[in-house]
Amino acid sequence: MPVKDLIQRKVVTIEPEDSVMLAAQRMKDKMVGSLVILDGDKPAGIITDRDIAIRVVGTGKDPKTLVKEVMTKDPITIREDASFFELTKAFRDAAVRRLIVVDKNGKLIGLISIDDVLELLTTEFANLIAAIRG
């Protein structure tokens, strides 16, 4: 199963010049844990709720700090045509909870989280158990 069949296509974004306070408010309003920062149509960074907690609140920075100052630059991406095995390997190798999904030209397509993968696996395991039990 290719990654493109598993992803969340509605990715919430923010500008690098926006404040971390706006980023946190957008996460709250959209009920998401991360925002992608774009350079044109390609991902330039990602900021997560954890980044805000550790890099801003935990260090006493002003909430008006710019996103570009605390975002993770050059985020880990995976191609939409990657296999499920490549996806799980990427999560393991990069030790991240979210991967940005891009097309062959590096354009943002979507986002996938470990939670998405676990939800899929839980459903598949339940289906297998049901098949075994008949």
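**Exercise 1. Find which residue of β7 stands opposite R98.**

Solution. Start at R98: S113 in β7 is the residue facing R98. Before going on, note that this is a predicted model, where local features need pLDDT of at least 70, side-chain atom pairs count only at pLDDT 80 or more, and totals for chains, interfaces and linings use all residues. Residues are numbered from 1 along each chain as its sequence is written, and side-chain values use heavy atoms, without hydrogens and water. Next, look at the strands: β6 (residues 98-102) pairs with β7 in the antiparallel sense over 5 bridges. Strands here are DSSP runs of E with at least two residues, helices are runs of H or I with at least four, and both are numbered from the N terminus; two strands pair if DSSP finds at least two bridges between them.

**Exercise 2. Work out why one side of β5 and of β7 is left without a neighbour in the sheet.**

Solution. First get the order, which is β5-β6-β7 in an open sheet of 3 strands with mixed pairing. β5 (77-79) and β7 (108-113) are at the edges with a single partner strand each, so one side of each has no neighbour in the sheet.

**Exercise 3. Describe how α4 and α5 pack.**

Solution. Take the angle: about 135°, with the axes 11 Å apart (axes are lines fitted to C-alpha atoms, for helices over the stretch in contact, and angles run from 0 to 180 degrees between N-to-C directions). Now the residues: F84, L87 and F91 in α4 meet I114, V117, L120 and L121 in α5, where contact means heavy atoms within 4.5 Å.
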